[in-house]
Amino acid sequence: MPGSRITSLGHYQPARVLTNHDLEQLVETNDEWIKQRTGIANRRIAAEEETVADMAAEAAAKALASSGLEPSDIGLITVATCSNRDRCPSTAAQVAARLGIPNAVCFDLNNGCAGFCTALSTADHTLRAGAAKHALVIGAEKMSDLLDWTDRSTCILLGDGAGAAVLSATDDEAGIGPVVWGSDPSRGDAVRLMGDWQPRFAQEGQSVFRWATSELPAMAREACARAGLTPADLGGVVTHQANLRIIESLTRHLGLPDDVVIARDVVDAGNTSAASVPLALSKLVESRELPSGSPVLLFAFGGGLSWAGQVITAP
Ligand SMILES: CC(C)(COP(=O)(O)OP(=O)(O)OC[C@H]1O[C@@H](n2cnc3c(N)ncnc32)[C@H](O)[C@@H]1OP(=O)(O)O)[C@@H](O)C(=O)NCCC(=O)NCCS
């Protein structure tokens with residue numbers, strides 16, 4: 001069995017849009033500063049009662065509906081999240097209950113913002129080993145629960161949402177390339193959600209920015225090389241949507257041709273942590289900006305510091 005491929009995608013964003021101008025009413029900030037430093041114009045904020053599992057199930061239901069599979073075909077569900085409140089049953093088990101998926105192994109995976117790319121390769125490896133035939137891999141976050149809404153350095157950055165992929169074992173060409181992943185625990189304090197029951201997001205913004213702009217290009221090139229490609233062969237690049245300046249810097253360093261589609265979903269979604277990559281990917285596939293069959297580099301980084309990425313074939 002050569003591997004697995006993404007056969008369908010789905011995404012969900014809460015209805016409430018929080019603009020930079022709305023934030024001007026909450027903290028001492030302004031639209032110009034936020035756009036200039038981060039690229040963000042809007043983010044979505046979940047309703048009080050809306051949970052990570054609600055958003056994960058919405059995204060997963062769409063991905064499952066367009067896969068042509070039955071709920072009973074799914075053998076594995078994993079939800080990448082660092083903002084779920086329930087420890088047990090896992091968010092994945094709650095998704096199984098809502099979608100009527102009877103017999104899947106269900107587990108959540110927390111690798112901060114690198115969670116979805118980590119979960120994607122974990123599921124790919126499981127399918128390669130023959131332990132399941134079809135998997136639901138989801139990234140879902142309610143980061144708005146974890147923000148200090150009086151801290152202008154963090155509350156402007158994050159948002160809520162979910163993205164999901166159906167992954168199926170394949171007898172022909174593999175659609176998930178070899179993963180590049182790892183962590184640097186000496187930088188463990190750089191992005192934090194630590195402490196009490198409802199911790200607050202904190203980070204050393206400039207140090208993460210410097211790390212990302214200096215380290216990501218080589219990692220992205222390695223993910224391409226392991227897939228037998230150069231960056232110029234890519235059809236698209238979907239990286240963690242933390243800051244538009246980091247995305248543009250990576251694009252410049254990779255010397256990508258103008259026709260490579262670059263995800264810039266951070267502008268309208270903010271940083272949705274583990275949801276950012278599947279959310280942006282699902283939107284680009286739905287709008288047909290990313291043609292089916294094109295090679296797409298996924299790469300994410302975050303708390304740990306940790307990173308994970310791979311080249312996938314667009315469904
Ligand atoms: C967070 C980030 C946008 C901050 O931008 P920055 O250019 O580093 O800004 P700084 O934190 O140095 O702050 C510069 C000034 O703006 C001020 N400032 C901070 N937030 C502000 C806001 N929302 N509005 C207006 N001013 C603000 C600061 O107080 C500081 O003022 P001072 O110079 O008078 O002290 C940027 O560092 C970043 O995106 N880093 C990477 C984060 C990342 O990728 N994290 C991954 C998480 S998974």
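Two strands count as paired if DSSP finds at least two bridges between them. In this predicted model, strand S4 (residues 76-80) and strand S6 (residues 134-142) are joined by five bridges and run parallel. Opposite valine 79 stands isoleucine 138 of S6.

Both strands belong to an open sheet of five strands, ordered S1-S7-S6-S4-S5, in which the pairing is mixed. Strand S1 (3-12) and strand S5 (105-109) form the edges, each pairing on one side only. From one strand to the next, the twist averages 20°.

| Helix | Strands | Angle |
|---|---|---|
| H3 (residues 52-67) | lies across S1, S4, S6 and S7 (160-170) | about 125° to S1 |
| H4 (residues 91-99) | touches S4, S5 and S6 | about 125° with S4 |

The nonpolar residues come next. The largest nonpolar core has 44 residues, and Trp211, Leu216, Leu234, Leu297, Phe299 and Phe301 have the most contacts inside it. Helix H7 (205-226), helix H8 (244-254), strand S13 (295-302) and strand S14 (306-313) each give two or more residues to this core. The largest share, eight residues, comes from H7. This core lies between domain 1 (3-170) and domain 2 (180-313), because both give residues to it.

Leucine 234 shows what such a position is in contact with: not counting residues up to four places away in sequence, it touches Cys224, Leu229, Leu256, Val260, Pro295, Val296, Leu297 and Val311. Another core, of 34 residues, lies apart from the largest one; among its residues are Ala114, Ala165, Ala263 and Val277. In soluble globular proteins, nonpolar side chains tend to be buried together.

Technical notes:
Residues numbered from 1 in each chain as written. Predicted model: local features only at pLDDT ≥ 70, side-chain atom pairs only at ≥ 80, totals over all residues. Heavy atoms only, no water. Helix = DSSP H or I, 4+ residues; strand = E, 2+ residues; numbered from the N terminus. Axes fitted to C-alpha atoms, helices over the stretch in contact; angles between N-to-C directions. Contact = heavy atoms within 4.5 Å. Core = buried A, V, L, I, M, F, W, Y, C linked by side-chain atoms within 4.5 Å. Buried < 20%, exposed > 50% of the residue type's maximum accessible area, 1.4 Å probe, protein only. Domains from an automatic or database assignment.
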